[in-house]
Amino acid sequence: MGDVERDIGSLEARMQNVESELHAIRADVREIRDALVGVRYGWLFLTGALTLASALGAVASRWVGQLMQNVN
């Protein structure tokens, strides 16, 4: 019985190690998920800012073009 109990003890220790590593992996995955969520909103903001800048550039270009026609 001594060998069986020793094997069971060894397996329990290995299982505790696996469980602690699983908890660490779970925490890492949670951090990665949070980073991806933050990046998603960053991309949305960047897209909105570029759209606004493009629209303002088009309006300014049109305005300057009409100003130049009035000058000539």
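Of the 72 residues of the chain, what percentage count as buried?

Modeller: This is a predicted model, in which local features need pLDDT of at least 70 and side-chain atom pairs count only at pLDDT 80 or more, while totals for chains, interfaces and linings use all residues. Residues are numbered from 1 along each chain as its sequence is written, and side-chain values use heavy atoms, with hydrogens and water left out. The answer is 0% of the 72 residues, where buried means under 20% relative accessible area, exposed over 50% and partly exposed in between (1.4 Å probe, protein chains only). The secondary structure consists of 1 helix and 0 strands, helices being DSSP runs of H or I with at least four residues and strands runs of E with at least two, numbered from the N terminus. The C-alpha trace spans about 105 × 10 × 10 Å along its principal axes.

Turning to the charged pairs, a search of the whole structure gives 2 salt bridges, each defined as a side-chain nitrogen of Lys or Arg within 4 Å of a carboxyl oxygen of Asp or Glu. One of them joins arginine 6 to aspartate 3, at 2.2 Å from N to O; both residues belong to helix H1 (residues 2-71) and are 3 residues apart, about one turn of the helix. Arginine 6 counts as exposed because its relative accessibility is 54%. Another salt bridge links arginine 33 with aspartate 34, their closest N and O atoms lying 3.1 Å apart. Here arginine 33 is partly exposed at 48% relative accessible area, and aspartate 34 is also partly exposed, at 43%.
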